[in-house]
Structures are given as structure tokens and as C-alpha cells.
Amino acid sequence: MNQTPLLPYPPGCRAGRFLRREKRFSVAVELDGRPIWAHTNNTGSMLGLLRPGSPVLLSPAANPARTLAWTVEALGLGTHGVPEPDDPDLFWVGVNTSVPNRFLSAAFAAGLLPWARGYSSLKREAVHGESRLDGLCTGPGLAPLWIECKNVTLVEDGVAAFPDAVTERGVKHLGTLRRLVQEGCRAAMLYLVQRPDGLCFGPADYIDSAYAAALHEALARGVEAYAVVARVTPAGIAYDRDLAVKAHGAAASA
């Protein structure tokens, strides 16, 4: 297990306390004893994470003129209730949805994706028709490998699960990957689990049955699926380990 961050956080990160979420992109946080507003790019429900009083890891905005000076990177959880920032029971759950795409690039460059070995280049934000996917790997003599990444913050009964809210866009991405396989390409989902307590990965059919069905169909048609645990610390995000991907109770890919 390598704890050196693949994606270091910028200097000046701070820990505050979660107060509440308002609107889609705004979170109220207590920092230095006073309430502030912080930006979140996570449009999911963040189910089970929004506990008043829990620690929030904030990064400073790259643009000092931005209206909201802080971005929510992670939320703290503990197995014994609401944790303190220095509680040994605390673990961080990364909720910044820009991370999986950047993690893909860093992990590819570091040779940490065995299913992408042999490919010599990775293009981020690659376009296919009307769809934009997170990555396209190419290499001599190899079929193009298209990759879509998703951020996973939900764990139920030991299963890291996606999505945490209904996602029509996610279903569309799976359809695109399925068509790419039909065209002779490789296509893969990469689920980045930004918390340490999942034992395997599976679709959250109890939240979005349409997405679960679309994933099952995609796997049956040759789309690949991989899950990676990212260890989140105040220093940044490190590659931790792979998780088995399970569908219909059986491992679809490991």
C-alpha cells in the first residue's frame, strides 16, 4: 500500500466543521469559529456524509478572486459517531468529483493500472460523437481503450456502491461505452472509491435500478469495469488497492 499522494492537495488546506448544505454547490462550514460558505462540485446526494459537526477538509481556491474562497475536498467519518479531526477513528471520504479524471492520468503515468499496460498515451476529456469521456488510451497494435471515471463515496454493508443519486448521465455513458465495444474498441469504467472501508464494488440498484441494469448489460456486452480505492489524507490522495467488481452477486472483473 503506497501512501505517497499521487494527487497532493495544494498548500493551505484547512479542516473545518460541516454545518449544512444549501442549494447545489454551496456548503456551510464553521472555520476558525465562524460560519463561511465553501464550494462543492459534487452534484450527488453525498448520502450518509452530511453530518452536522463532522470535519470538512477544505482547499483554497486557485483564483483568489473567486466568490467562494474554499473548495470541499473531503468529509470526515468515524465508526463511533461524529469524529474529531484528530480522532484515530476518523477517515476521510473524498467528495471532489474532479479527482477521478486527474487520478486516472496520474495512475496511468505511474503504471498503476494493469489493465492499461502496453498503452503509450492517455488523452483526457476525449470526444466520441456527442459524448465526452474521461480518457482515451492508445498504443501501437492495440485497440483504442476508452475510459469513463466515477467517484464513489457510498459504502453499504461493506459494498462500495455507485451512484448515490439517480444519474441519467451515467446511464448515457454506459450506452456510449457499449457502442464503442461494438465498434471494435475496448471500453472501461473506472470507479474511484475515495474511502477505505469498502470490501468490494457493486452498483447501487437500491438507489438507481436503471443504472444498475445498464451496468449489468454493459458488462455482458464486453465493457470492462474496475474499482480502485484511493486513500484520502490531509496531504492528498494516494493509490491504495484494487477492489473486486461484483454484478448479480458474482465478480465481473477483479
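Strands here are DSSP runs of E with at least two residues, helices are runs of H or I with at least four, and both are numbered from the N terminus.

Keep in mind that this is a predicted model, where local features need pLDDT of at least 70 and side-chain atom pairs count only at pLDDT 80 or more, while totals for chains, interfaces and linings use all residues. Residues are numbered from 1 along each chain as its sequence is written, and side-chain values use heavy atoms, with hydrogens and water left out.

**The sheet**

- Seven strands make up an open sheet with mixed pairing, and the order across it is β1-β16-β15-β13-β10-β9-β8.
- Two strands count as paired if DSSP finds at least two bridges between them.
- At the edges you'll find β1 (7–8) and β8 (121–128), each of which pairs on one side only.
- Strands β13 (residues 186–193) and β15 (residues 224–233) run parallel and are joined by six bridges.

**Around β9**

- On one side, β9 pairs with β8 in the antiparallel sense, over seven bridges.
- Ser 121 is the residue standing opposite Thr 138 of β9.
- The hairpin of β8 and β9 has two residues between the strands, and Gly 129 there takes a positive phi near 60 degrees.
- β9 also pairs with β10, again antiparallel, this time over three bridges.
- Here Gly 135 faces Ile 147 in β10.
- The β9 and β10 hairpin has six residues between its strands, with Gly 141 at a positive phi near 75 degrees.

**The nonpolar cores**

- A nonpolar core means a set of buried Ala, Val, Leu, Ile, Met, Phe, Trp, Tyr and Cys residues joined through side-chain atoms within 4.5 Å.
- The largest core holds 30 residues, and Trp 146, Leu 177, Tyr 191 and Phe 201 have the most contacts inside it.
- Elements giving two or more residues to this core include β9 (131–138), β10 (145–152), α2 (168–182) and α3 (209–220).
- The top contributor is α3, with five residues.
- Apart from that core lies another one, of 29 residues, among them Ala 107, Trp 115, Ile 147 and Tyr 239.
- What does Leu 177 touch, leaving out residues up to four places away in sequence? With contact meaning heavy atoms within 4.5 Å, the list is Leu 133, Trp 146, Glu 148, Ala 187, Ala 188, Met 189 and Val 223.

**Charged pairs**

- Side chains of opposite charge can pair when their charged atoms come close.
- A salt bridge is a side-chain nitrogen of Lys or Arg within 4 Å of a carboxyl oxygen of Asp or Glu, and a search of the whole structure turns up eight.
- One of them joins Asp 32 and Arg 14, at 2.4 Å from N to O.
- That pair ties together distant parts of the chain, 18 residues apart: Asp 32 sits in the loop between β3 (26–31) and β4 (34–39), and Arg 14 is in strand β2 (residues 14–22).
- Asp 32 counts as exposed because its relative accessibility is 59%, while Arg 14, at 31%, is partly exposed.
- Is Asp 240 buried or exposed? It counts as buried, because its relative accessibility is 8%.
- Asp 240 forms a salt bridge with Arg 231, with the closest N and O atoms 2.9 Å apart, and another with Arg 241, at 3.6 Å.
- Both arginines are partly exposed, Arg 231 with a relative accessible area of 24% and Arg 241 with 26%.
- Through shared partners, Arg 231, Asp 240 and Arg 241 end up in one salt-bridge network.

**A cysteine to look up**

- Cys 200 is found in strand β14 (residues 200–203).
- Its relative accessibility is 10%, so Cys 200 counts as buried.
- Setting aside residues up to four places away in sequence, Cys 200 touches Gly 158, Val 159, Ala 160, Leu 243, Ala 244 and Lys 246.
- From Cys 200 to Gly 129 the gap is 71 residues in sequence and 33 Å in space, C-alpha to C-alpha.

Methods
Buried < 20%, exposed > 50% of the residue type's maximum accessible area, 1.4 Å probe, protein only.
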